[in-house]
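Open the model in your viewer and keep the selection tool at hand.

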Amino acid sequence: MGAALHRHRSRQDYATPPEFIEAVEARFGALAWDLAASVENAKAPRHIDVATNSFSARWYSLGGLLWLNPPYNDITPWVRKCHSESLAGAKILALLPASVGSNWYAAYVDGCAARVLFLRPRISFDGQNPFPKDLMLVAYGTDAAPGVECWKWR
Ligand SMILES: C[S@@+](CC[C@H](N)C(=O)[O-])C[C@H]1O[C@@H](n2cnc3c(N)ncnc32)[C@H](O)[C@@H]1O
């Protein structure tokens, strides 16, 4: 791959910072499974990695609160599965770009029985610089009432 192309390829493995996970668990409870992870970056006691492939798993049968910070290069299949699995009983917290104009937001977030928390302040994935895009946490199938809010998580 040429240097120019390589320079513009975005990372797909940003690890969620521990301070944000702490805030999430303080609000929603302990995470049981990380649905997209490696041994090194898992945010829950159990996880599914790329080799096992989360799309082959029935999330609703895992039990407990499920964490998802998917690769952001192809979000649609992940949110489609969040939506369908939550209808089957899964409780999922998904950290996603706050892309309110996207087709996937219209189909699988807006108007669905989920609580949408727009995050403030912006999260830093490297411990120094805020990620240059707004993110949201979508709570599917939890006790949180469906609706939208700004969550000042810190
Ligand atoms: C943005 S990182 C999130 C890492 C970590 N779970 C966290 O929240 O800090 C996305 C992770 O998903 C994994 N992944 C990608 N495709 C996957 C798949 N089909 N099934 C399971 N994990 C996958 C990647 O290997 C990577 O570790």
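This tour goes through the cores, then the pockets.

This is a predicted model: local features need pLDDT of at least 70, side-chain atom pairs count only at pLDDT 80 or more, and totals for chains, interfaces and linings use all residues. Residues are numbered from 1 along each chain as its sequence is written, and side-chain values use heavy atoms, without hydrogens and water.

**Cores**

Select W59, I92, W104 and Y140. They have the most contacts inside the largest nonpolar core, which has 25 residues. (Such a core is a set of buried Ala, Val, Leu, Ile, Met, Phe, Trp, Tyr and Cys residues joined through side-chain atoms within 4.5 Å; buried means under 20% relative accessible area, with a 1.4 Å probe and protein chains only.) Next, colour β1 (31-34), β3 (65-68), α3 (76-87), β4 (91-97), α4 (103-108), β5 (114-120) and β6 (135-140): each gives two or more residues to this core.

Now select I21, A44, F131 and W151. They are among the 20 residues of another core, apart from the largest one.

**Pockets**

A pocket here is an open set of points on a 1 Å grid over the protein atoms alone, where a 1.4 Å probe fits, with protein on both sides within 12 Å along at least five of seven lines; lining residues have an atom within 4 Å of a point.

Select Q12, A36, A37, N69 and P71. Of the 26 residues lining the largest pocket, these lie nearest its centre.

Then pick S10, R11, Y14, F131 and K133. These lie nearest the centre of the second largest pocket, which is lined by 16 residues.

Definitions and conventions: Buried means under 20% relative accessible area, exposed over 50%, partly exposed in between (1.4 Å probe, protein chains only). Helices (H or I, at least four residues) and strands (E, at least two) are DSSP runs, numbered from the N terminus.
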